[in-house]
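Please open the structure in your viewer and keep the selection panel at hand. The tour below moves from one selection to the next and says what is to be found at each stop.

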Amino acid sequence: MNLLEARDLEKRYGGVHAVAGVSFSVAAGERVALIGPNGAGKSTCFNLIGGQVRPDAGSVVLDGKPVTGMKPRALFRRGVARTFQITATFASMSVVENVQAAIASHLGESFRPAGSATHAHRDAALALLARVGLDAQSDRHCAQLAYGDSKRLELAMALANAPRLLLMDEPTAGMAPGERHALMDLVTRLTASDGVSVLFTEHDMDIVFAHADRLLVLDRGRLIAQGAPSAVRADPEVQRIYLGGHA
Amino acid sequence: MTFADLAPQLVNGLANASTLFLLASGLSLIFGVTRVVNFAHGSLYMLGTYVGISVTEHVSGPLGFWGGIVVAGLAVAVVGVLIETLVLKRIYHAPELFQLLATFAVVLIVKDLALIVWGAEDILGPRAPGLKEAVEIAGSAIPEYDLFLIAMGPVVLGLLHLLLSRTRWGVLVRAATEDREMVGALGVNQAWLFTGVFALGSLLAGLAGALQIPREPASLNLDLIAITDAFVVVVVGGLGSLHGAFVAALVIGIVKALCVALGTVEVAGFGIDFTRLTLVVEFLLMAGTLAVRPFGLFGRPVAVSEPSRSVAAVVAPGKRFHVGFVIGVALLACAPFVVDEYLLVLGTDILVFALFAASLHFLMGPGGMVSFGHAAFFGAGAYVAALLVRQAGWSMLGAIVATPFAAAALGLAVGWFCVRLAGVYLAMLTLAFAQIAWSIAFQWDDVTGGSNGLVGIWPADWASAKRDYYWLTLAFCAPAVWALWHVTHAPFGHALRAGRDAPARAEALGIHVRRTRWFAFPIAAAGAGLAGALFVFSKGSLSPEVMAIARSVDGLVMVLLGGVQTLTGPVAGAALFTWLQDETLRHTEYWRLVLGAVILALVLAFPRGVVGSLSALFPKGGAR
Amino acid sequence: MSTTPLIEGRGLDSFYGRAQILFGVSLTVARGEVVALLGRNGAGKSTTLKTLMGLVPPKAGEVLFDGTRVHGRPPYAVCRAGLGYVPEERRVFAELTVEENLEVGRRPAREGAPHWTPPRLYELFPNLGRMRDRRGGEMSGGEQQMLTIARTLMGNPLAVLLDEPSEGLAPVIVEQMGEAIRALKREGLTLLISEQNLRFAASITDRAVILEQGHVRYEGAMADLMADASVREKYLSV
């Protein structure tokens with residue numbers, strides 16, 4: 001059974017049809033990459049799934065239950081986690097406090113006015129940091145982290161609710177080439193063991209081909225191809241949009 | 001009610017609308033291009049009135065009057081350019097909050113300079129030569145000068161419109177309001193554009209002030225009155241929209257006139273005195289507008305950057321911090337054995353304001369929400385405590401304990417509206433609520449004593465000695481400040497900070513950002529309310545001044561002086577501010593001038609606040 | 001004519017916040033040359049142009065315009081030196097009319113550069129001439145793209161940085177855009193054009209620089225690139 005199903009999603013911004021009837025699914029444990037040229041509607045599509053943007057039409061179904069238009073925080077409670085293209089960690093906190101805040105939220109403790117947030121769930125947070133290889137830097141201030149490390153921190157935070165679906169928007173953007181594969185290897189390791197599905201957008205094709213089970217190709221708000229990486233690569237339509245056939 | 005009853009008020013309201021528009025359009029232009037919320041704009045207006053009157057005193061006749069208005073406008077424009085080039089130009093890249101603090105300092109300095117030059121007494125201006133009479137329209141006597149002012153509004157709007165649409169400079173100003181970076185990439189040096197806009201905006205403020213001289217005396221409190229009115233007009237009209245400001249000024253002018261004209265009206269068996277609403281009606285209009293249209297009538301959703309998105313490390317207080325706190329409190333508790341009564345009274349004030357500043361910091365720091373109206377909670381606490389003792393016969397202690405709960409309830413109500421907005425708009429809404437609270441206190445004579453306030457609210461006998469009341473204050477303030485710090489570092493405080501640091505990330509992690517921000521309000525309000533209750537018994541009386549804008553501004557200055565990024569900063573800022581105020585007051589009546597100059601020097605030298613900058617100079621190893 | 005390149009970047013490192021986007025990017029554009037800056041999404045094309053323009057100051061490296069160092073100078077000064085910039089997101093002034101948008105870009109005539117006036121620009125972009133009083137926000141994407149180019153030309157630049165001129169435009173508009181760019185080339189304007197649309201880029205440029213992950217991976221004549229399927233495959237294809 002599919003974990004995630006998007007059906008006929010549509011979103012307009014003014015006169016621009018950013019997403020024009022997109023349907024796809026993600027199976028449990030599957031890693032799917034959403035690709036396409038600039039302006040193809042990847043980000044909008046991604047935000048429709050993640051709850052940041054409400055679709056004008058269409059539906060999103062998670063594990064057989066409709067979640068269309070649900071807020072990100074509600075999706076989080078249903079096991080959806082995400083990372084952002086521009087790393088968004090809590091800059092005023094230490095590395096481990098970032099993860100502790102995520103765990104506290106998962107346990108519904110965000111409104112607790114008493115007790116030390118610095119002590120609560122510290123061991124669980126350290127364990128998560130160990131999984132992404134950041135345990136040695138747990139007490140550093142997160143502004144001191146190298147860029148690649150803050151990406152790993154985001155990943156640790158995303159795993160705090162033991163997600164079933166992990167959404168990653170351009171996970172390797174801005175990273176040095178060598179770090180990119182290391183990060184995606186880590187993602188694969190962490191998710192495969194628990195059967196977590198991953199949906200990600202990415203423009204580094206090496207990453208896409210090495211780390212996705214299946215590709216979805218968007219162009220001008222429409223899904224123009226999908227399938228195994230090798231099949232998509234051979235698709236003449238896909239070649240055309242990437243190498244410029246419009247002129 | 002006939003037209004004859006209404007007409008004089010309506011004319012008066014429309015005449016007010018004209019000067020209001022001049023004032024607000026200047027503020028709006030300056031904000032549109034420079035993105036600086038210029039709190040000193042009201043001071044420029046005040047200067048306009050004083051300069052205008054001075055010129056008419058030296059040069060008689062029409063030349064003195066009309067020449068005075070022109071001279072006032074030009075002189076104020078020069079002052080505006082000085083402020084821009086000497087102060088703001090250096091801090092355009094600093095966080096918005098520090099620009100705000102710098103303009104507060106300018107307000108303080110200008111007020112005392114005006115006091116030095118023109119004295120504390122209100123100065124009446126002359127009537128306009130040639131327009132001294134009244135004309136009869138539909139049976140009502142209408143002052144000619146009012147008609148002149150009514151015409152001025154559309155004339156100035158038309159001239160500004162021509163300037164902005166027909167001149168290259170105007171086109172550049174409009175372009176810069178939309179996209180400053182792109183204007184720069186097209187070869188325009190923004191520095192000159194900014195200075196020019198500041199000159200024009202200041203000119204308009206100066207003219208607005210000078211045009212009012214036949215209608216209202218020059219006085220030293222015009223600055224804050226003018227700035228609040230201008231803020232209201234600009235926010236209702238939409239930041240950066242000239243036409244919006246014009247419409248908003250008209251609407252506010254007319255509605256105020258209607259309130260006066262309506263007088264007391266029976267509604268459903270209750271007599272409602274609408275004249276009392278005049279002080280508050282513009283703020284009700286603003287709150288209503290923002291609730292329906294968060295960007296004002298003609299405003300477009302602009303990215304209002306959050307004023308306080310600090311990325312500085314906040315280190316959780318460790319054992320050493322707690323030990324230090326206990327030792328500090330113990331030392332403070334010993335103070336009565338070594339210092340004299342005078343210092344104890346000052347110490348009591350410092351404790352009260354430390355709590356007030358710490359509670360405001362809770363909103364501004366972890367919450368990332370700047371409040372221009374925090375004195376509302378302080379004042380509400382003071383009134384609630386006083387009334388519980390006076391009207392309900394409670395004991396002092398009972399009243400002090402109950403007050404934070406009442407203030408928290410108020411905070412819950414106010415916060416519900418405020419957290420729907422962000423940035424400058426949120427700040428403006430807090431200001432509106434504070435003004436509403438102030439005018440209730442000012443006008444509800446039967447309960448609050450109106451402008452006279454309440455007197456004889458002294459502590460219970462057992463705490464009436466200065467040293468006993470100092471201890472009592474310490475016994476409440478120290479745990480309250482500690483509690484605020486505790487919440488800041490509890491899961492709630494971290495969730496609040498998470499929502500401030502990265503709102504989208506926090507939402508994706510299941511944190512209900514708006515609700516955490518909402519709940520920050522009652523917590524901060526409780527702290528401010530408690531401070532207010534302790535304040536009222538230490539002074540023995542209270543008046544609406546306790547919740548005036550000036551007090552909210554004091555709170556902001558304390559927090560910003562100490563630094564938003566540290567816990568101890570606001571407490572240090574409150575101590576420094578209160579001590580400086582007291583110290584300068586003992587040596588000179590121009591304490592605002594000294595304070596303003598000190599703040600300005602600090603802002604320009606330490607754009608991170610005093611404690612923030614000091615701790616940056618002496619970094620304490622790694623985070624613990 | 002000197003042999004100094006008109007535009008030169010040397011070893012540029014640029015960041016957005018803490019994310020490094022450019023890693024030692026070096027490139028040159030000679031006077032009168034039209035160069036394509038190619039690469040996939042996120043390769044650093046826009047950042048390269050912004051760095052040259054002074055909109056993103058580089059953390060390391062140098063930018064020279066006509067032999068003079070311009071890095072560290074504000075964008076308005078770079079513009080006045082003779083370098084024009086057309087942003088990717090078009091960024092027309094939505095509340096200003098076509099004529100007013102052009103007015104914002106107006107600078108005095110410059111020796112050695114074509115002199116542009118609104119009538120000449122309306123000849124180059126006839127669509128704009130028919131809507132002088134229309135507000136920027138009420139124009140279509142293609143019209144906005146033409147307006148941003150025209151607006152930059154009003155500064156009489158020696159060279160123009162053009163960021164993805166074909167992005168999101170209908171094929172017929174892309175064709176018109178190509179026509180206009182060829183006309184600019186005939187005027188002697190120097191152009192550095194970032195593009196994703198290889199075929200379009202090939203139709204208007206002489207030389208190609210390919211970026212991948214913030215590094216320059218290839219430099220050569222456009223004709224050579226079009227003849228070399230392996231390079232295209234490696235850096236541009238899926």
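A disulfide is taken here as a pair of cysteine sulfur atoms within 2.5 Å. A search of the whole structure over all chains finds zero disulfides.

Before going on, note that this is a predicted model, in which local features need pLDDT of at least 70 and side-chain atom pairs count only at pLDDT 80 or more, while totals for chains, interfaces and linings use all residues. Residues are numbered from 1 along each chain as its sequence is written, chains are lettered from A and ligands numbered from 1 in the order in which they are written, and side-chain values use heavy atoms, with hydrogens and water left out.

Now select Cys142(A), which counts as buried because its relative accessibility is 2%.

**The domains of chains A and B**

While chain A is selected, colour it by domain, with bounds that come from an automatic or database domain assignment. Domain 1 of chain A is made up of 1-79 + 165-247, and domain 2 covers 93-162. Their C-alpha centres lie 26 Å apart, and 17 residues of domain 1 of chain A are in contact (heavy atoms within 4.5 Å) with 13 residues of domain 2 of chain A.

**Cavities**

On a 1 Å grid over the protein atoms alone, a cavity is a set of points where a 1.4 Å probe fits but cannot get out, and its lining residues have an atom within 4 Å of a point. Grid points are joined across faces, edges and corners, and a volume is the space filled by probe spheres set on the points. By this rule there are twelve cavities of 30 Å³ or more.

The largest cavity holds about 120 Å³ of space. Of the 13 residues that line it, those closest to its centre are Val37(B), Glu96(B), Leu100(B), Phe372(B) and Val424(B).

The largest share of the lining, four residues, comes from α4(B). By class, the lining of the largest cavity has nine nonpolar, two polar and two charged residues, where Ala, Val, Leu, Ile, Met, Phe, Trp, Tyr, Cys and Pro count as nonpolar, Asp, Glu, Lys and Arg as charged, and the others, Gly among them, as polar.

The second largest cavity has a volume of about 90 Å³. Twelve residues line the second largest cavity, and Val314(B), His361(B), Pro366(B), Val564(B) and Gln565(B) lie nearest its centre. Its lining divides into four nonpolar, six polar and two charged residues.

**A loop of chain B**

Now select Phe274(B), in the loop between β4 (270-273) and α11 (281-292) of chain B. Phe274(B) and Gly263(B) are eleven residues apart in sequence, and their C-alpha atoms are 5.2 Å apart in space. Leaving aside neighbours within four places in sequence, Phe274(B) is in contact with Cys259(B), Leu262(B), Gly263(B) and Val265(B).

**Chain C**

Finally, move to chain C and select Gln144(C) in helix α6, where a relative accessibility of 16% makes Gln144(C) count as buried. Apart from its neighbours within four places in sequence, Gln144(C) is in contact with Arg90(C), Val92(C), Gly136(C), Gly137(C) and Met139(C).

Follow the chain to Asn156(C), in the loop between α6 (141-153) and β7 (159-163). Asn156(C) has a positive phi of about 50 degrees although it is not a glycine, and Asn156(C) is buried, with a relative accessible area of 0%. The last stop is Gln213(C), in the loop between β9 (207-212) and β10 (215-221) of chain C. Gln213(C), not a glycine, has a positive phi of about 50 degrees, and with a relative accessible area of 12% Gln213(C) is buried.

Technical notes: Buried means under 20% relative accessible area, exposed over 50%, partly exposed in between (1.4 Å probe, protein chains only). On a 1 Å grid over the protein atoms alone, a cavity is a set of points where a 1.4 Å probe fits but cannot get out, and a pocket is an open set with protein on both sides within 12 Å along at least five of seven lines; lining residues have an atom within 4 Å of a point. Helices (H or I, at least four residues) and strands (E, at least two) are DSSP runs, numbered from the N terminus.
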